[in-house]
Amino acid sequence: MRTTKSLAATFLAATLALICASPANADEELPVPWTLAAALPAQAANPGGPPPGANDFDCRPSEAHPNPVVLTHGLSANQTVNWQTFAPLLKNNGYCVFSLTYGVPGKPLPIYQPGGLLPMEQSAKELSAFVDKVLGATGASKVDLLGHSEGTLMPSYYVKFLGGASKVDKYVSLTPLWDGTTLLGASHLYALAVALGLAPGFNGILDPACGSCRQFLRGSEFLTKLRSGNGVFQPGVTYTNIMTATTRPSSRTRAAWARART
């Protein structure tokens with residue numbers, strides 16, 4: 001499990017990736033919690049609400065930070081629990097910050113609303129509409145994206161297939177999932193199910209509860225489509241990937257990163 005110290009280091013690295021900023025007036029600074037403990041009372045006080053500093057649609061980007069920052073949460077999280085640290089931290093450093101909860105099936109739950117459960121193509125459409133709303137409100141021409149877990153992968157569909165490449169400047173990923181996951185051998189088990197003709201039954205059980213879950217599996221149709229053509233990383237977008245020492249991207253992904261930097 002990560003220590004508070006390592007979490008703080010990761011958070012700081014992601015903030016610097018969005019360009020170092022000058023602090024706002026100290027009288028205006030918001031408290032910045034550095035542990036997950038702040039998520040629970042925030043969720044209880046305002047279930048599904050934006051984190052501190054986010055979604056001020058009267059915010060106007062400064063010359064120093066012309067791009068609003070859009071935060072995209074991970075699987076089964078939401079904007080409230082995922083961004084109690086980053087939203088106020090970025091706001092304090094002079095950014096216009098925005099967040100959304102995407103991928104919610106059916107009606108929102110009253111106490112805790114898990115997001116990211118719909119197929120990522122649908123969530124990408126939600127992100128597209130939200131980015132357009134942010135750009136329209138702020139007058140900016142592009143946004144920067146900061147995502148965690150599913151929030152690192154889902155926006156890539158928006159960028160590649162829904163016109164997002166012309167609206168995204170920087171794309172910062174915490175624990176990116178470009179290679180998908182083989183968690184507990186899940187990708188191998190699913191491949192076996194496909195070979196045995198059992199995939200339709202498996203999908204029928206899983207998809208209604210979590211339409212995005214099997215899209216994370218290495219070799220999934222979703223990831224194969226993302227890698228098609230010119231690959232995942234799109235020209236004109238600057239990508240920053242922040243990982244732990246135990247995260248090992250594949251040689252194919254490292255090569256794609258190298259191409260994206262040139």
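Student: Is Lys91 buried, exposed or partly exposed?

Tutor: Lys91 counts as partly exposed, because its relative accessibility is 24%. Buried means under 20% relative accessible area, exposed over 50%, and partly exposed in between, with a 1.4 Å probe and protein chains only. This is a predicted model, in which local features need pLDDT of at least 70 and side-chain atom pairs count only at pLDDT 80 or more, while totals for chains, interfaces and linings use all residues. Residues are numbered from 1 along each chain as its sequence is written, and side-chain values use heavy atoms, with hydrogens and water left out.

Student: Which residue does Lys91 meet in a salt bridge?

Tutor: Asp56, at 3.9 Å from N to O. A salt bridge here is a side-chain nitrogen of Lys or Arg within 4 Å of a carboxyl oxygen of Asp or Glu. The two residues are 35 apart in the chain, with Lys91 in helix α4 (residues 86–92) and Asp56 in the loop between α2 (39–45) and β1. Helices (H or I, at least four residues) and strands (E, at least two) are DSSP runs, numbered from the N terminus. Asp56 is partly exposed too, at 33%.

Student: How many salt bridges does the whole structure have?

Tutor: Three. Another joins Lys167 and Asp132 at 2.8 Å, N to O. That pair also links distant parts of the chain, with Lys167 in the loop between α6 (150–161) and β4 (168–174) and Asp132 in helix α5 (residues 120–138). Lys170 also forms one, with Asp169, and their closest N and O atoms are 3.1 Å apart. Lys170 is buried, at 15%.

Student: Switching to the sheet. What is the strand order?

Tutor: The order is β2-β1-β3-β4-β5, in an open sheet of five strands with parallel pairing. Two strands pair if DSSP finds at least two bridges between them. β2 and β5 (238–242) are the edge strands, each pairing on one side only.

Student: What stands opposite Leu71?

Tutor: In β2, Ser99 does; in β3, Leu146 does. Four bridges join β1 to β2, and four join β1 to β3.

Student: Which way do the side chains of β2 point?

Tutor: Val97 and Ser99 point one way and Phe98 and Leu100 the other, and all are buried. In a regular strand the side chains alternate between the two faces of the sheet.

Student: And which strands does α6 lie across?

Tutor: β1, β3, β4 and β5, running at about 155 degrees to β4. Axes are lines fitted to C-alpha atoms, for helices over the stretch in contact, and angles run from 0 to 180 degrees between N-to-C directions.

Student: Where is Ser156, and is it buried or exposed?

Tutor: Ser156 is in helix α6 and counts as buried, at 2% relative accessibility. A polar atom of its side chain lies 2.4 Å from the backbone oxygen of Leu153. Not counting residues up to four places away in sequence, Ser156 touches Tyr171, Trp178, Leu226 and Val232, where contact means heavy atoms within 4.5 Å.

Student: Which residues touch the most other members in the largest nonpolar core?

Tutor: Val70, Val143, Leu153, Val159, Val168 and Tyr171, out of 33 residues. A nonpolar core is a set of buried Ala, Val, Leu, Ile, Met, Phe, Trp, Tyr and Cys residues joined through side-chain atoms within 4.5 Å. α5 gives the most to this core, with seven residues.

Conventions:
Polar contact = N/O pair within 3.5 Å; in protein donor to acceptor, adjacent residues only side chain to side chain.
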